[in-house]
Amino acid sequence: MLTLAAKLGFLLRRRPGPDGEPPSNRTLSAEFRALPGHTRGGSVQQLANLRGGEDDNPTTNTLTALATILGAPSAFLLPGWDDVAVLSVIECNPTARDVVRHLEGLPQGDLEALLGNLRKRRMELGLEPEVPVTEIPTEIDTGDVTRRYRRRRSMKEAAKYAADSLEGGL
């Protein structure tokens, strides 16, 4: 089972910023606060703890907001739901949800026959018969952390940051 930190890392790597790197905690925090109806959560420190694996029990509001920001189904960030492609299809397509509901209780042989028919139909439509499974790393990728260098602030930026910190503006 994937950790929340690994899932967040995967989603963040799918959404690089202008510099090609995943968004910073500060950027995510700003996007979090800009969401309609935002009331609390999404601090820079909270996001750092979630990304680093120190916090693995955020509120459902935090998970929903992160999923919205990162363009993923909310269920993907819950334990036990590791296939973002499947969840995206089910979340966005009511007919797909209905198909899944109708699979309940069918014998294994029927399920395999249905899968064979789906593969055949995909080939008829010119699609790949096998839908690739998105590989998600099972551990936090610490390689990115060691190669990143902290951006140095100018004196003016450092003074503003210190003033904001003292005033509680962060």
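1. Let's start with the largest cavity, which holds about 40 Å³ of space. The structure has 1 cavity of 30 Å³ or more. A cavity here is a set of points, on a 1 Å grid over the protein atoms alone, where a 1.4 Å probe fits but cannot get out. Grid points are joined across faces, edges and corners, and the volume is the space filled by probe spheres set on the points. Please keep in mind that this is a predicted model, where local features need pLDDT of at least 70 and side-chain atom pairs count only at pLDDT 80 or more, while totals for chains, interfaces and linings use all residues. Residues are numbered from 1 along each chain as its sequence is written, and side-chain values use heavy atoms, with hydrogens and water left out.

2. Which residues line the largest cavity? They are Leu8, Leu12, Leu28, Leu47, Leu50, Arg51, Leu66 and Leu70, where a lining residue has an atom within 4 Å of a point. The elements giving two or more residues to this lining are α1, α3 (44-52) and α4 (60-70). Helix α3 gives the most, with 3 residues. By class, the lining has 7 nonpolar, no polar and 1 charged residues. In this scheme Ala, Val, Leu, Ile, Met, Phe, Trp, Tyr, Cys and Pro count as nonpolar, Asp, Glu, Lys and Arg as charged, and the others, Gly among them, as polar.

3. Is Leu47 buried or exposed? Leu47 is buried, because its relative accessible area is 2%, and buried means under 20%, exposed over 50%, and partly exposed in between (1.4 Å probe, protein chains only). Leu47 and Arg26 are 21 residues apart in sequence, yet their C-alpha atoms are 8.6 Å apart in space.

4. Now for the whole chain. It contains 9 helices and 0 strands, so helices and strands deserve a definition: they are DSSP runs, helices being H or I with at least four residues and strands being E with at least two, numbered from the N terminus. Read along the sequence, the pattern is α-α-α-α-α-α-α-α-α. Of the 170 residues of the chain, 22% count as buried.

5. Arg40 is found in the loop between α2 and α3 and is exposed, with a relative accessible area of 64%. Arg40 and Thr62 are 22 residues apart in sequence and 8.6 Å apart in space, C-alpha to C-alpha.

6. How many salt bridges are there? The count comes to 3, a salt bridge being a side-chain nitrogen of Lys or Arg within 4 Å of a carboxyl oxygen of Asp or Glu. One of them joins Glu31 and Arg15, with the closest N and O atoms 2.7 Å apart. This pair links distant parts of the chain, as Glu31 is in helix α2 (residues 25-34) and Arg15 is in the loop between α1 (4-13) and α2, 16 residues apart. Glu31 is partly exposed at 25% relative accessibility, and Arg15 is partly exposed at 26%.

7. Asp98 pairs with Arg101, the closest N and O atoms being 3.6 Å apart. Asp98 is partly exposed, with a relative accessible area of 33%, whereas Arg101 counts as exposed at 55%. Glu124 pairs with Arg121, with the closest N and O atoms 3.3 Å apart. Arg121 is partly exposed at 44% relative accessibility.

8. Val99, Val100, Leu103, Leu106 and Leu114 make a nonpolar patch of about 360 Å². Patches are made of residues with over 30% relative accessible area and no salt bridge, with like charges joined within 9 Å and nonpolar side chains (Val, Leu, Ile, Met, Phe, Trp, Tyr) within 5 Å. Accessible areas come from the Shrake-Rupley method with a 1.4 Å probe, and for residues only the protein chains shown count as cover. Helix α6 (residues 94-103) gives the largest share of the patch, 3 residues. Val100, found in helix α6, is partly exposed, with a relative accessible area of 43%.

Methods. On a 1 Å grid over the protein atoms alone, a cavity is a set of points where a 1.4 Å probe fits but cannot get out, and a pocket is an open set with protein on both sides within 12 Å along at least five of seven lines; lining residues have an atom within 4 Å of a point.
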